[in-house]
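Dear colleague,

Please find the structure handed over below, together with its sequence. I would be grateful if you would read the notes that follow it alongside the coordinates.

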Amino acid sequence: MGSRRRFLSRLSFFSGEKNRRSPFAFPVSVRRTKLLLSILILVASLLHLLGLRETLAVIAPLVYCLGFSTFLLAKFIAFLREKERDDERSPLQADCKRAVLIHRETLRRITGRGLVDLPHHGFDYSYSSEWLCEPTVGYVQLPVGVPGPLLLDGSQYYVPMATTEGCLVASVSRGCKAIALSGGATSVLLRDGMTLMPVVRLPSVGRAAELKTFLENPNNLETLAEVFNSASRFAKLQEIKCAMAGRSLYMRFRCGTGDAMGMDIVSEGVQIVLDYLLNNFNDMEVISTSSKFLSENKPAAMNWKEGCGKSVVCEAIIKEEVVKEVFKTNIPALVELNKIKNLAGSAVAGSLGGFNAHAGNITSAIFIATGQDLAANVESSQCITMMEAVNDGKELHVSVTLPSIAVGTVGGATELASQTACLDLLGVVGESLESPGANSGQLATIIAGAVLAGEISLLSALAAGHLVNSHMKYNRSLRRGTKNGQL
């Protein structure tokens, strides 16, 4: 690295960088060299047109050598600068890159298959390898589409969605168009609190009941909150609810976590409270800091009823003419389809929180694009879609209710460059300094708005009979030998 720096210093006259030895600089770059070559060619052409062939014959080789040499020098300097930038990165980044190459080579030797088509260049592994994924061997590329603008609560949003399902982004865009033409959608954040449910066991049912009474006593909440909140400056204990199964006691902690999704914050707070409880209930046995009462990353009546993370309701009133012009259907058909498909159909299937057309499509695509916990999409996509005709059947009232959106704008994969860019597009990157939790809450409402747009559009495609044709046209893989939806 030192030799390259010294060499670059000596070339500073050509590289455009001033130093003590060279107070002046002649900036050489690939772009400027190409421009210089173009000018020289133009001069040569003029000499040829003026009949100065002898002069041209003498200076042409010199000009050619000078221009070509300058071009090579510019390329060489650019190469050295890039190598210097690589060396100036943190030692951790260099070590992580080396580890990726080692892991890839190990896999190749063990399996006999190389990861040739799995890219590994151009990615900052210093963060991901340390906190997100171990061992790392590369990264997967996904296309990102941006439907919109989504007119929600008086603001416009272009919503990044990482997906490989053809028609999905276009369908959400169509829903956004209908919402905008009808005056926009409105949302309400009903509740914001991440939950965790440890389970403990006591010697008897009576002792378990005593602990339940102690935890649910409002007079003790302030003391328990003070203990819990010491875990983080963003931790705010809101409530504790309990359930018994024999002498086992399941506790449900709910707390605010600022702009973080918050599972780590809640886990640390719960551990501190459990240690505190052992002082008064020393016969308590901690079975697990996380129980099935939590129902994290799985559908559960508890989350559907009580909510987990952000609970959001979003609504819009779509005009009759918009339904006809944009969706090519009518209000009665949409209302009937939603009742039979989403409500009755989901009930027949025994669905839990699945009374919607495809909320999971939209939530998962936005989760990937913005760096959310993808497994949390299970509870986050729990949604009920309601449609009814209003104003004498001239307008369609549509709403979506999502009680358990688990999202954050700090921590985890939200710190990666691509995901940060997507969050920045929405205006919710990082933590809100003015009001902690505002960014993550706004992200949850935007997700609900995108789900609303997607629900209206898909149901309209079904009502109009367009869904299959559109998928056959746009969602076929050309790599399987198809063209324009024909097998």
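Predicted model: local features only at pLDDT ≥ 70, side-chain atom pairs only at ≥ 80, totals over all residues.

Residues are numbered from 1 along each chain as its sequence is written, and side-chain values use heavy atoms, with hydrogens and water left out.

Overall composition

The secondary structure of the protein chain comes to 18 helices and 13 strands; these are DSSP runs numbered from the N terminus, helices being H or I with at least four residues and strands E with at least two. Of the 487 residues in the protein chain, 41% are buried. Here buried means under 20% relative accessible area, exposed means over 50%, and partly exposed lies in between, with a 1.4 Å probe and protein chains only. Among contacts with a separation of 6 or more, 70% are between residues 24 or more positions apart, a contact being heavy atoms within 4.5 Å.

Helices H7 and H17

The axes of helix H7 (residues 168-181) and helix H17 (residues 438-464) come within 7 Å and cross at roughly 100 degrees, which makes H7 roughly perpendicular to H17. Axes are lines fitted to C-alpha atoms, for helices over the stretch in contact, with angles from 0 to 180 degrees between N-to-C directions. Angles under 35 degrees count as roughly parallel, over 145 as roughly antiparallel, 65 to 115 as roughly perpendicular and the rest as oblique. On the H7 side the contact includes Ser-171, Val-172 and Arg-174; the residues that these and others in H7 meet in H17 include Gly-449, Ala-450 and Leu-452. By class, the residues of this contact are nine nonpolar, six polar and one charged. In this scheme Ala, Val, Leu, Ile, Met, Phe, Trp, Tyr, Cys and Pro count as nonpolar, Asp, Glu, Lys and Arg as charged, and the others, Gly among them, as polar.

Pocket and cavities

Grid points are joined across faces, edges and corners, and a volume is the space filled by probe spheres set on the points.

The largest pocket has a volume of about 1400 Å³. Its lining comprises 44 residues, with Leu-132, Gly-371, Ala-413, Leu-416 and Gln-419 nearest the centre. Helices H6 (125-132), H10 (263-280), H14 (359-370) and H16 (417-426) each supply at least two lining residues, and H6 gives the most, with five. The lining divides into 26 nonpolar, 14 polar and four charged residues.

There are two cavities of 30 Å³ or more. The largest cavity, of about 50 Å³, is lined by 10 residues, of which Met-194, Met-263, Glu-296, Glu-379 and Ala-406 lie nearest its centre. Seven of its lining residues are nonpolar, one is polar and two are charged.

The second largest cavity has a volume of about 30 Å³, and its lining includes Asp-192, Met-194, Cys-255 and Lys-310. Strands S5 (186-196), S8 (248-256) and S10 (309-319) each give two or more residues to that lining, and S5 gives the most, with three.

Local backbone features

Two cis peptide bonds deserve mention. One runs from Glu-134 to Pro-135, with omega near -15 degrees, and Pro-135 is in the loop between H6 and strand S1 (144-145). Another joins Gly-148 and Pro-149, with omega of about 0 degrees; Pro-149 lies in the loop between S1 and strand S2 (150-152).

Asp-153, although not a glycine, has a positive phi of about 55 degrees. Asp-153 sits in the loop between S2 and strand S3 (155-157) and is partly exposed at 40% relative accessible area. Asp-392 likewise is not a glycine and has a positive phi, of about 60 degrees; at 78% relative accessibility Asp-392 counts as exposed.

Yours sincerely

Methods:
1 Å grid on protein atoms, 1.4 Å probe; cavity = no way out; pocket = protein on both sides within 12 Å on 5 of 7 lines; lining within 4 Å.
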